[in-house]
Amino acid sequence: MAWDFSTEPEFEKKLEWVRAFVETEVRPLEFIYYDLTQEQLDRIEAPLKEEVKRQGLWAAHLDRELGGQGMGQLNLALLHEILGRYVMAPEIFGNQAPDSGNAELLAVGANEAQKQRWLWPLLDGRLRSSFALTEPFVASTDPTAIRSMAVRDGDHWVLNGHKWFASNADVADFVLAMVVTNPEAPPHARAAMIVIERGTPGLEIVRNVGTMAHPDPRELERQGRLGGHTEIRFRDCRVPAANMIGQPGEGFMLAQRRLGGGRIHHAMRMIGQCHRAFEMMCERAVSRETRGKPLGQHQMMQDLIAESAVEIETARLLTLKAAWSMDHEGGKAARKEIAMIKYYAAQVLFNVLDRAIQLHGALGYSTDLPLEWMFRMARALRIADGADEIHKVTIAKEVLKRATVKQGWPTEHVPTNRDAAFRKFAHLLEQHTANL
Ligand SMILES: Cc1cc2nc3c(=O)[nH]c(=O)nc-3n(C[C@H](O)[C@H](O)[C@H](O)COP(=O)(O)OP(=O)(O)OC[C@H]3O[C@@H](n4cnc5c(N)ncnc54)[C@H](O)[C@@H]3O)c2cc1C
């Protein structure tokens, strides 16, 4: 089947607008990002968000009935390639993790009253949310292994447990937690999703965990900033029964729904970051000289550039193909491609940033360029949202579904094929021998 990644001229115009807007309005913000308090940042971002809404591009990933554009995965992929260049762009376009994924989960699982209370304000940007699945003492790459529990008590659920890396939980208006409600059920039917609102007694914010991106999270806290990865405990935390999203046992299914097309946008944002790092690399390669010629004329530097160019193009085409498959064949058919791009794009971004730093020498390692923090942030992408290995397992399983068991010698066994080929052409070979 032929793939077609072309877009309508109308949409191309939209992308042109996004490119210009992101470069002139969003890019400058990045240079003062860490000097601002959350309140100052919100004040600067508010009119930019309004402009995005006026252009009909706010939360474009959502279906039309949720206020999105229903523009299809291929168009969204191209949009996110532009947004990925600068860390604040997704937020300004209403597509900030974890809020975007949580909105998708609530859209699928929440009832009308729950949508009124949490989904619509979240989509409007009036509430902020967190998602708590990962636990410090459980290998959370396997979500069926989680231990935090909710026990029904009259009109309430009572939660006890321990989570960490719940991004933004310390500043969120609500936490969406995956907890076990029925430990005796089959593994995929044990857990449920429950909303715990800020300030609920028993919801204990332990700390923000220091990471490569923010080794000292106290800086974020001083500024009241988003971006912390929070450790939380539930200690006899009572929440109304009405806070459960969906039914007991549906937690795993809802967690899966949360990730859907988001992985395509996520991968395209990584490609956007790759483009930015690659442009820096090329600029430096033609601008700095050593031993009488530009860096870009030294073969080992050319190797860095060529490897990066090929990897970026490969990752980009693979991601566009995943988007195209999702548009034309549905999410199930695109499962393999989605797993491929999640791990491959993260690996390519890591490689390209590493090479870009190398080509820039000390300047690349310094905070005078954005490469060092891009590199630190990129490292997380090979773990968060499913470690590389988990996606590779999915790829292999999908590929092997199409493989056929062969008893005896393998299909390509040379002696067997040689005998068969001699038998096939025997009449011609006999004629030839007879004519000699
Ligand atoms: C920046 C960042 C933000 C995050 N935000 C959130 C959030 O908002 N909410 C949330 O709930 N979680 C969040 N996480 C947590 C993230 O989802 C988990 O770290 C991830 O799922 C891996 O779980 P784990 O850390 O428990 O690793 P483990 O399960 O302990 O796995 C450790 C390593 O073992 C290997 N491994 C695991 N399973 C297999 C396997 N089957 N086969 C082969 N190798 C395997 C992998 O290399 C893996 O990295 C975030 C993480 C990061 C880094």
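Trainee: Where does the ligand lie, and which domains give residues to the shell around it?

Mentor: Before we dig in, keep in mind that this is a predicted model, where local features need pLDDT of at least 70, side-chain atom pairs count only at pLDDT 80 or more, and totals for chains, interfaces and linings use all residues. Residues are numbered from 1 along each chain as its sequence is written.

Now, your question. Domain 2 (128-256) and domain 3 (260-401) both give residues to the shell around the ligand, so the ligand lies between them. The protein also has a domain 1 (9-96), and the bounds come from an automatic or database domain assignment. The C-alpha centres of domain 1 and domain 2 are 28 Å apart.

Let's look at the shell itself. The ligand is surrounded by 19 residues, and the closest are Leu133, Ala139, Thr141, Ala387 and Glu389; a residue is near the ligand if its C-beta atom, placed from the backbone, lies within 6 Å of it. Two or more residues each come from β1 (129-132), β3 (156-167) and α14 (388-401). Those labels are DSSP runs, numbered from the N terminus: helices are H or I with at least four residues, strands are E with at least two.

Strand β3 holds phenylalanine 165, which has a positive phi of about 60° although it is not a glycine. Phenylalanine 165 counts as buried because it has 22 C-beta neighbours inside 10 Å; the cut-off is 20 or more other C-beta atoms within 10 Å of its own, with 12 or fewer for exposed, partly exposed in between, and C-beta atoms placed from the backbone. Aspartate 385, in the loop between α13 (371-380) and α14, also has a positive phi of about 60° without being a glycine. With 19 other C-beta atoms within 10 Å, aspartate 385 is partly exposed.

Now step back to the packing. The largest nonpolar core has 106 residues, and among those with the most contacts inside it are Ala132, Ile194 and Leu349. Such a core is a set of buried Ala, Val, Leu, Ile, Met, Phe, Trp, Tyr and Cys residues joined through C-beta atoms within 7 Å. Leaving aside neighbours within four places in sequence, isoleucine 194 is in contact with residues including Ala150, Trp157, Val239 and Met244, where contact means that the two C-beta atoms, placed from the backbone, lie within 7 Å.

Helix α11 (residues 335-360) gives the most to this core, 15 residues. α11 is mostly covered, with 19 of its 26 residues buried. From first C-alpha to last, α11 reaches 38 Å, close to the 38 Å expected at 1.5 Å a residue, a figure worked out as 1.5 Å times one less than the number of residues. Just after α11, glycine 361 takes a positive phi of about 60°.

To place all that in the whole: the protein has 16 helices and ten strands, and buried residues make up 40% of its 436 residues.
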